[in-house]
Amino acid sequence: MRQFARPFPITRLSLEARVLYTGFLLFLVLGFVSSAWLYADSFGNLSGQGTVEYYRGGATAAAPAPAAVEAEGGPALELPEETVAAAPMRLEKPARQVMETFHFHLFTVPVVLLIVGHLFMLTALSTRLKVGTITVASVATFVHLLAPLLVRFVGPQWGWLMPVSVVGAAVGWLPMLVWPLWEMWRPVQTPETATG
């Protein structure tokens with residue numbers, strides 16, 4: 001922790017610290033990739049309507065009416081159209097499930113934000129840029145944690161918060177994950193390599 005009491009460049013971390021932090025950040029990058037897949041699978045796109053249907057339930061697209069087919073000399077058969085599949089049914093998320101998910105994330109996500117923020121603070125970027133990036137990530141993360149509660153318990157008018165917070169989190173978190181990795185492992189010019 002002494003590195004954070006009096007910050008020094010991330011490039012001066014020991015090799016074992018850089019390897020550990022790199023592993024941590026790469027796990028988080030994979031976590032964000034899996035989050036993007038889960039988001040797309042759950043909500044479809046960056047619209048609030050997908051959020052509302054996910055948490056509050058939604059109408060299933062009606063299957064086409066079966067077509068009656070007359071067989072020669074036999075009974076009429078009702079066959080469904082084979083080219084159109086009904087959309088999956090979305091049921092309202094149980095209140096307890098939404099609250100448990102919120103509770104779990106409320107204790108874990110800020111810890112990860114704290115760790116990533118500390119690594120980001122060791123970079124050579126300007127203080128203003130670091131403060132701005134950490135602020136965007138913090139606010140977007142807070143809104144992202146609250147959005148499901150608001151949609152489920154208050155109303156569908158809050159559905160727009162989820163896609164907005166996803167974009168805000170990407171703008172805040174991605175630089176905090178990628179920049180320290182780049183800065184830790186980039187070749188550093190020393191006086192010997194600069195003149196040689």
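**Group meeting talk: a predicted helical model**

In the protein chain, confidence is lowest in strand 1, residues 67-70, where the mean is 52, and highest in helix 5, where it reaches 97. I begin there since what we are looking at is a predicted model, and where pLDDT is low, the predicted coordinates should not be read in detail. Over the protein chain the mean pLDDT is 86, and 80% of the residues reach 70 or more.

Let me turn to the overall layout. The secondary structure of the protein chain comes to seven helices and two strands, and if you follow the elements from the N terminus on, they run α-α-α-β-β-α-α-α-α. Of the 196 residues in the protein chain, 31% count as buried, while the accessible surface comes to about 12900 Å², with 68% of it belonging to carbon and sulfur atoms. Among contacts between residues at least 6 apart in sequence, 76% join residues at least 24 apart.

Which residues have the most contacts inside the largest nonpolar core? This core has 22 residues, and the ones with the most contacts inside it are L13, Y21, L25, V116, W173, M176 and M184. Helix 2 (15-43), helix 4 (95-121), helix 5 and helix 6 are the elements that give two or more residues to this core, and the largest share, six residues, comes from helix 6. There is also a second, separate core of 13 residues, which includes V52, Y55, L149 and M162.

If we leave aside neighbours within four places in sequence, V116 is in contact with F24, L25, L28, W173, M176 and L177. M184, which lies in helix 6, is in contact with I10, L13, R18, Y21, T22 and L25, again leaving aside neighbours within four places in sequence. Is M184 buried or exposed? M184 counts as buried because its relative accessibility is 2%, and buried means under 20%. The C-alpha atom of M184 is separated by 8.5 Å from that of T123, although these two residues are 61 residues apart along the chain.

Next come the charged pairs, for the structure holds two salt bridges. In one of them, the side chains of R152 and E92 meet, at 3.5 Å from N to O. R152 lies in helix 5 and E92 in the loop between strand 2 (76-79) and helix 4, so this pair ties together parts that are 60 residues apart in sequence. R152 is buried, with a relative accessible area of 14%, whereas E92 counts as partly exposed, at 43% relative accessibility.

The salt bridge between E100 and R96 has its closest N and O atoms 2.9 Å apart. Both E100 and R96 lie in helix 4, four residues apart, which is about one turn of the helix. E100 is partly exposed, with a relative accessible area of 43%, and R96 is exposed, at 62%.

Finally, please look at the outside of the model. Which residues form a nonpolar patch on the surface? They are M99, F153, V154, W158, W160 and V164, and together they have about 570 Å² of accessible area. One of them, W160, is found in the loop between helix 5 (127-154) and helix 6 (161-185), and W160 is partly exposed, with a relative accessible area of 46%.

How values were computed
Residues numbered from 1 in each chain as written. Heavy atoms only, no water. Patch = residues over 30% accessible without salt bridge, like charges linked within 9 Å, V, L, I, M, F, W, Y side chains within 5 Å. Areas by Shrake-Rupley, 256 points an atom, 1.4 Å probe, with all protein chains shown as cover. Salt bridge = Lys/Arg side-chain N within 4 Å of Asp/Glu carboxyl O. Buried < 20%, exposed > 50% of the residue type's maximum accessible area, 1.4 Å probe, protein only. Core = buried A, V, L, I, M, F, W, Y, C linked by side-chain atoms within 4.5 Å. Contact = heavy atoms within 4.5 Å. pLDDT = per-residue confidence, 0-100.
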